[in-house]
Amino acid sequence: MIHIAVLGYGTVGSGVVEVIETNKESISKRAGAEINVKYILDLREFPGDPYENKVVHDINIILDDPEVSIICETMGGNEPAFTFSKNALLKGKSVCTSNKELVANHGPELIQTAKNNNCNYLFEASVGGGIPIIRPLNSSLTPEKIDAITGILNGTTNYILTKMDEDDANFDDVLKEAQDKGYAERNPEADVEGYDAGRKIAILSSLVKGKNVKFENVYTEGITKIETVDFAYARKLKMAVKLLAMCKDTEDGFYAMVAPFMIPKGHPLYSVSGVFNAVYVHGNMLGDSMYYGRGAGKLPTASAVVSDVIDCARHPGKTITCFWDEQDMDVMDIADTKRRFFVRVSNSDKDKAVAAFAGIEEVESQAAGEFAFITPVMTEREFDEKIASIGGCKNRIRMEG
C-alpha cells in the first residue's frame, strides 16, 4: 500500500481525493499498489465530510510519518506551499502539484531538490488542467527540437472572448456573467491581465529550452482593452480574437509572450472556444501537434495531479528526468519581435496613418467615424514609433498566422 497526503482541501484537493476514491481499483492497478489517502492537511474542520477523520492541521504529522511517500500540494500560492514542498522533498517524499505560481517561481530549485533526494517533483496539473502536456514534453517529444509553442492556456479569458463574440456583448457584462457562473474569480486580475497564462507559458518555455524562463521576462498583456467592435472586424476578416500564450525561436532570438491576437480561420486554435484550452506545439521533425481539453476545473485538474501520483508510485526511489536547469534563459526584448498588426484609428487620422504605415491593407469599417487597416510585417518597436507619430490609435491587435 502507498500512503499519500493531500495539502489543501479546497477545489482541487477535494477533487484529488474524489478521483482516487472513485477510481480506486483502476488507479491502484496502474500504480502497482493500492493508493491510500492517509492525511488531508487544512486549517479548517470539515464536519460531516466522509474524510473528516483524515484531516490534520500540522504539516509535521505528515512530514514525520515514514509511511507517507507521496504528497499532493494543492494549496496554491508561494507560501507556505514552497516551504512544505521543499521540506517534503528533503525527506525523500515526492510532491505532485497543481500550483502554477509555485512551479513558475521555484520549479528548478524544487526539481533539483527532488533529484538530490531520490524522489520527484511533478507538476502535470500546473498547465492546462487535465490536458496532458508536461509529460509529452518530458518524454514523447524529447527527440524533437521544439521551436514554437502557442496555446490558449486560460479558460476564463477564452470564455469571456467567446461570449463577447457570440453575444455581441461588452467585456464588463461578460466578466460579471463569468463570475456568476464560477468561471472567473471575484478578483479576476490574474486571468484577465494575462498573468495566469504568463506563468504557464513560462513553465512550458523552461521545459522546451531546458533553462529557466522567468515569468518576469514573459511579455504579458491581457484582454481588458478588447472591445465589441473588434470582433465585428475579426468576423469580417474571417478571423477570431484569442488570448495566446506563446514562445518561439526566431532568427533573432527566443521570446515568450501573452497577448490578444487575431488568428485566421485555418489556424488550429481558431475553433477552441468557451472554457476549453489547447496547446499547439511545433517540432522540427514531427511538425505540428495539438493537445486539447478542459484546461481547468476540479476533476480535470485533480485527474492530472493523480496521474503524477501514479507516475511516482511506479518509480519509488527514482527521479523521473526533467530538463529544467536553474540557469536563466536569454529572452529577447519583445520590441524586437516582428508581426503584422490590425489597427483602428479615427477617420481624422486616416491620412496620417496611410503616410506613416507604407503598404497597409485597408479593412472595411465596422464602426462609424473610424478607419481600420492591417500593417505590413514590422517590429513592435517600429509599430510603436509609427503609431505614436500619428497620436495613437483606438485599438490595435496583433496578428498571428
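The legends below describe close-up views of strand pairing and helix packing in a predicted model.

Local features require pLDDT of at least 70 and side-chain atom pairs pLDDT 80 or more, whereas totals for chains, interfaces and linings use all residues. Residues are numbered from 1 along each chain as its sequence is written, and side-chain values use heavy atoms, with hydrogens and water left out.

**View A. The open sheet of six strands.** The strand order is β3-β2-β1-β4-β5-β6, with parallel pairing. Strands are DSSP runs of E with at least two residues, helices are runs of H or I with at least four residues, and both are numbered from the N terminus. Two strands pair if DSSP finds at least two bridges between them. Strands β3 (55-56) and β6 (121-122) stand at the edges with a single partner strand each, so one side of each has no neighbour in the sheet.

**View B. Strands β4 and β5 with helix α12.** Four bridges join β4 (residues 68-73) to β5 (residues 94-97) in the parallel sense. Ile-71 has Val-95 in β5 as its bridge partner. Helix α12 (residues 298-314) packs on the sheet and touches β1 (2-7), β2 (35-41), β4, β5 and β6; contact means heavy atoms within 4.5 Å. The direction of α12 makes about 160° with that of β5, where axes are lines fitted to C-alpha atoms, for helices over the stretch in contact, and angles between N-to-C directions run from 0 to 180 degrees.

**View C. Antiparallel pairing of strand β13.** Strand β13 (residues 338-346) is joined to β16 (residues 378-379) by two bridges, with Met-378 as the bridge partner of Arg-339. Five bridges join β13 to β17 (residues 395-399), where Arg-398 stands opposite Phe-341. β13 also pairs with β15 (residues 370-374) over five bridges, and Phe-371 of β15 stands opposite Val-345.
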